Amino acid sequence: MTSYPQDDDEAYQGDYGAGYVGSFSKDFVYGPDDPEADVNMLFPNDQKPKILLMGLRRSGKSSIQNVVFHKMSPNETLFLESTNKIVTDDISNTSFVQFKILDFPGQIDFFEPSFDSEKIFGGQGALVFVIDAQDDYMDALNRLHETVIRAYKVNPKLKFEVFIHKVDGLPDDSRIDTQRDINKRVTDELNDSGMEGIHLSFYLTSIYDHSIFEAFSKVVQKIIPQLPTLEKLLNIFNSSSGIDKAFLFDVWSKIYIATDSSPVDMQSYELCCDMIDVVLDISNIYGLRDGEGEHLAAFDKDSASIIKLNNSTVLYLRQVSRFLALVCIINEDNFQRPGLINYNFLCFREAIIEVFEIANQKNDGILALVSNPEEEQERETQRDQNNL
Ligand code: GDP
């Protein structure tokens with residue numbers, strides 16, 4: 001059974017330990033007294049793509065951020081204080097995907113001279129606008145319109161994503177109607193303003209199920225330039241190993257950064273997420289610790305987990321890097337020769353590593369595979385063995 005490294009044990013607690021530890025990193029909270037300083041400090045020479053989380057007050061921004069990236073349980077979000085400052089949350093130390101989330105207070109005024117739109121909206125990334133679907137959303141739509149136009153003028157390359165959020169409170173049959181209504185109103189308004197070129201994507205989300213992870217996965221995939229290559233590699237891996245579905249997961253956040261080109265059904269995704277939770281739980285309890293009780297980094301090339309379900313399905317998990325895991329769904333009949341799948345996986349991992357090594361050499365700064373000399377040595381040995 002795999003045991004995940006636990007460098008940051010405190011932050012790791014969340015669902016698995018003594019409860020959520022703190023909300024935002026205090027270092028990144030800038031007071032409103034000196035707004036100029038706020039903005040100047042937000043992007044110190046930082047070229048990382050970013051996700052801007054925006055929306056009206058109480059729409060659910062902090063909850064989303066905490067549930068997806070900090071393992072907070074949805075019920076705990078009831079006690080979150082409303083966002084009233086610009087908060088940046090750099091998750092690059094805990095997650096494979098390196099991006100920043102800027103959580104904006106709902107009431108921020110773009111037309112204030114201190115609001116530097118070039119700095120906020122510039123660069124590569126996505127703007128996620130959260131709308132509370134349980135509330136009257138007319139104000140939110142006006143705000144969205146204003147925000148999108150402002151941001152598009154500064155940076156037409158920004159991806160615009162709209163989360164129609166808290167849909168758990170809506171009856172099943174009215175969810176799609178709500179999405180259609182919002183989509184139509186927003187598009188009509190943009191057309192009326194002569195901004196037909198702006199493309200917005202809409203997602204129905206809730207922190208009480210996997211929809212928020214699914215939506216974030218899609219947003220993150222849009223800002224990963226290597227996505228088509230990853231998809232092709234997964235297709236090849238699946239067809240040569242008899243695998244029905246494979247996801248490449250950012251283990252920490254349960255965001256899938258790529259999957260093969262067959263359609264994703266929510267149940268498969270949830271099943272794989274649950275498997276990650278099980279593996280994390282077991283690792284957390286039984287993972288190797290040093291004399292002082294600290295977890296040791298436990299990655300090795302053979303780390304894996306296989307779960308056989310009683311409906312002829314096998315779940316197969318292998319670690320690709322410290323933060324990245326491949327989770328596959330296989331029919332039991334195709335799991336007669338696990339050695340073949342293991343071998344194919346090693347080739348697949350080799351290819352993935354090369355993809356990101358090239359990206360790093362190019363210094364596009366989007367993703368970095370956490371690599372260390374030991375891992376490098378292991379790969380060398382593996383390569384040699386494969387060549388024998
Ligand atoms: P913010 O001001 O935009 O950061 O909003 P918060 O994250 O503080 O959320 C406001 C309230 O909405 C909190 O009480 C959350 O528990 C609640 N909330 C957030 N997401 C959801 C959701 O998906 N469903 C439901 N029912 N409530 C949610």
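In what order do the six strands of the open sheet follow one another? In this predicted model, the order is β2-β3-β1-β4-β5-β6, and the pairing within the sheet is mixed. The two edges are formed by β2 (87-90) and β6 (200-205), each of which pairs on one side only. Between neighbouring strands of this sheet the average turn is 20 degrees, with direction ignored.

Within this sheet, strand β1 (50-55) is joined to β3 by four bridges and runs parallel to it, and K50 stands opposite K100 of β3. Strand β1 is largely enclosed by the rest of the structure, because six of its six residues are buried. This burial extends to both faces of the strand, with K50, L52 and M54 covered on one side and I51, L53 and G55 covered on the other.

Helix α6 (residues 172-192) lies across β4, β5 and β6, and its direction makes an angle of about 155 degrees with β6.

The shell around the ligand comprises 20 residues, of which G60, K61, S62, S63 and K166 come nearest. When these shell residues are sorted by class, four are nonpolar, 11 are polar and five are charged. Among the elements of the structure, helix α3 (residues 61-69) gives the most to this shell, contributing three residues.

Helix α3 is itself mostly covered, as nine of its nine residues are buried. The buried residues include K61, S62 and S63 as well as I64, Q65, N66, V67, V68 and F69, and K61, S62 and S63 are also among the residues that come nearest to the ligand. The cover over the buried residues of α3 includes the strands β1, β2, β3 (100-103) and β4, together with helix α7.

The packing of α3 against helix α7 (residues 211-222) takes place at an angle of about 85 degrees, with the two axes 10 Å apart. An angle from 65 to 115 degrees counts as roughly perpendicular, and α3 is therefore roughly perpendicular to α7. The contact between the two helices is made by I64, V67 and V68 on the side of α3 and by I212, F213 and F216 on the side of α7. By class, this contact contains six nonpolar residues, with no polar and no charged residues.

Helix α3 is followed by K71, a residue in the loop between α3 and β2. Although K71 is not a glycine, its phi is positive, at about 55 degrees. K71 counts as buried because 21 other C-beta atoms lie within 10 Å, where the cut-off for a buried residue is 20 or more. A positive phi in a residue other than glycine is also found at S312, where the value is near 65 degrees. S312 is placed in the loop between β9 (304-308) and β10 (313-319), and it counts as exposed because it has 12 C-beta neighbours inside 10 Å, the cut-off for exposed residues being 12 or fewer.

Another loop position is that of H199, which is found between α6 and β6. H199 is exposed, because 9 other C-beta atoms lie within 10 Å of its own. Between H199 and Q267 there is a separation of 68 residues in sequence and of 29 Å in space, taken from C-alpha to C-alpha.

Note on methods. Residues are numbered from 1 along each chain as its sequence is written. This is a predicted model: local features need pLDDT of at least 70, side-chain atom pairs count only at pLDDT 80 or more; totals for chains, interfaces and linings use all residues. A residue is near a molecule or strand if its C-beta atom, placed from the backbone, lies within 6 Å of it. Ala, Val, Leu, Ile, Met, Phe, Trp, Tyr, Cys and Pro count as nonpolar, Asp, Glu, Lys and Arg as charged, and the others, Gly among them, as polar. Two strands pair if DSSP finds at least two bridges between them. Axes are lines fitted to C-alpha atoms, for helices over the stretch in contact, and angles run from 0 to 180 degrees between N-to-C directions. Two residues are in contact if their C-beta atoms, placed from the backbone, lie within 7 Å. Angles under 35 degrees count as roughly parallel, over 145 as roughly antiparallel, 65 to 115 as roughly perpendicular and the rest as oblique.
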